[in-house]
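Please look through the sequence and the structure shown here before reading on.

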Amino acid sequence: MTEPADDIFAQLKQQATEQLKKITTPEELEQWRVNFLGRKGQVPRLLRTVKDQPAEQRAAFGQHGNKLRQELEGLLTAHQKKVGTRAMSQPQPKVNQAGLGHLHPLTLTRRRLQNIMAALGFLIIEGPEVEEEKYDFDALNIPFEHPARAETDTFYLAPRSPRGDGRVLRTSTSAVQVRAVIENDLVPPFQIASPGRVFRNEKPDPTHESTFYQLEALMVGPSVTVADYRSITEALFSTFFGKVASIRLRPGYFPFVEPGFEIDMSCPFCQSGCRLCKQTTWIEMGGAGMVHPNVLSNMNVDPEKYQGFAFGYGIDRFTMLQHGIDDIRLFWSGDIRFLKQFA
Ligand code: PHE
């Protein structure tokens, strides 16, 4: 290279601006972009020769090159405003040209969790989304006057019956399990898991939705203990996140378990604190506990002979963690740009 670097850049700039003036269509503009700014375009190509320049000129050469690139990018954006971009000028696809659909991210997570639970020996059971109060509440040791049963918390199908015998949009999939045990006369030992959609009268915000998905599980036998709970959950979390996870139990209250726990998982994404664990290295995953004797009795299981654990985790939560999604409302936004990322 004999000419001073300045001249080469000046020439290139002149050439680019001259050509740009004549451009009237998005297609031509794209061609211009590829020619000057694309990966194999003239400016990047020139910039790559920085290593061939005399050592004392390299810094200046690089600076000039970067400045030119920025200038041309600025001109490109300005010109796009005049002639539009290619995407805008492309004809809308006809219906029969529409791309293939794909599964919703929540469906993908649900299937994975379900497969893991099945591999751990759990029977996967589904139930109705419209549930009777006796399964959604009474059988779970949630009495008529419990605040969770108020219309401010639960969606009733008809005005709430004063006898507590109406129907609700199920508030958890625990209902599916008691229903399954009672209706099928299941006798311990049994281990069942029920994934599904639940509904709560909540004001949506980034971490709450009025509908979301749960994975609940119930294991009952002559000698099922918290250690069983722990190993199953650690296997589930570790398999799902592909990283050995441990859990920590904090005391928690749920009417259908005693004792009850709030469950935290060791953060699978970091060692010393990150955005997802809010710098604590622990992530809240849901609730669990040893099944309350009243609930066992309600399922026609003798609490003197049998005991068991139950847990409930949010499928949305698994999905949000896995993909770093920070707003649960996106799942229901119907925004195709969001959903397409999970094709
Ligand atoms: N049903 C509880 C909920 O929906 C979760 C849970 C299940 C807690 C089982 C303890 C035991 O929040």
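The sections below take up the domains, the sheet, the ligand and a helix in turn.

## Model and domains

The structure is a predicted model, and the values given in this report were computed from it. The protein is divided into two parts by the domain assignment, with domain 1 covering residues 5-87 and domain 2 covering residues 109-332. Between the C-alpha centres of domain 1 and domain 2 there is a distance of 57 Å.

Ala10 and His64 are separated by 54 residues in sequence, while their C-alpha atoms are 9.5 Å apart in space.

## The sheet

Seven strands form an open sheet with mixed pairing, and their order across the sheet is S1-S4-S5-S9-S8-S7-S6. Strand S1 (123-124) and strand S6 (247-252) stand at the edges, and each has a single partner strand, so one side of each is left without a neighbour in the sheet.

Strand S9 has S5 on one side and S8 on the other in the strand order. The pairing of S5 with S9 is antiparallel and extends over eight bridges; among the facing residues, Leu218 has Ala310 in S9 as its bridge partner, and Gly221 stands opposite Gln307 in S9. The pairing of S8 with S9 is also antiparallel, here over five bridges, and Met290 stands opposite Phe309 in S9. S9 is mostly covered, since seven of its eight residues are buried.

## The ligand and its surroundings

Which residues are closest to the ligand? Of the 13 residues that surround the ligand, the closest are Arg200, Gln214, Glu216, Ala288 and Gly312. The side chain of Arg200 places an N or O atom 2.6 Å from an oxygen atom of the ligand, and a polar side-chain atom of Gln214 lies 2.7 Å from a ligand oxygen atom. For Glu216, an N or O atom of the side chain is 3.0 Å from a nitrogen atom of the ligand. Taken alone, the ligand exposes 330 Å², and the protein buries 90% of that area.

The elements that give two or more residues to the shell around the ligand are strand S5 (211-221), strand S8 (282-291) and strand S9 (307-314). S9 gives the most, with three residues, and this is the strand that pairs with S5 over eight bridges and with S8 over five bridges. By residue class, the shell around the ligand divides into six nonpolar, five polar and two charged residues.

## Helix H11

Helix H11 covers residues 315-323, and strand S9 covers residues 307-314. Which residues of H11 are buried? In this helix, Ile315, Asp316, Phe318, Thr319, Met320 and Leu321 are buried, which means that each has under 20% relative accessible area. Just after H11 comes Gly324, which takes a positive phi of about 65°.

How values were computed: Residues numbered from 1 in each chain as written. Predicted model: local features only at pLDDT ≥ 70, side-chain atom pairs only at ≥ 80, totals over all residues. Heavy atoms only, no water. Near = heavy atom within 4 Å. Polar contact = N/O pair within 3.5 Å; in protein donor to acceptor, adjacent residues only side chain to side chain. Areas by Shrake-Rupley, 256 points an atom, 1.4 Å probe, with all protein chains shown as cover. Helix = DSSP H or I, 4+ residues; strand = E, 2+ residues; numbered from the N terminus. Nonpolar A, V, L, I, M, F, W, Y, C, P; charged D, E, K, R; others polar. Buried < 20%, exposed > 50% of the residue type's maximum accessible area, 1.4 Å probe, protein only. Domains from an automatic or database assignment. Pairing = 2+ DSSP bridges.
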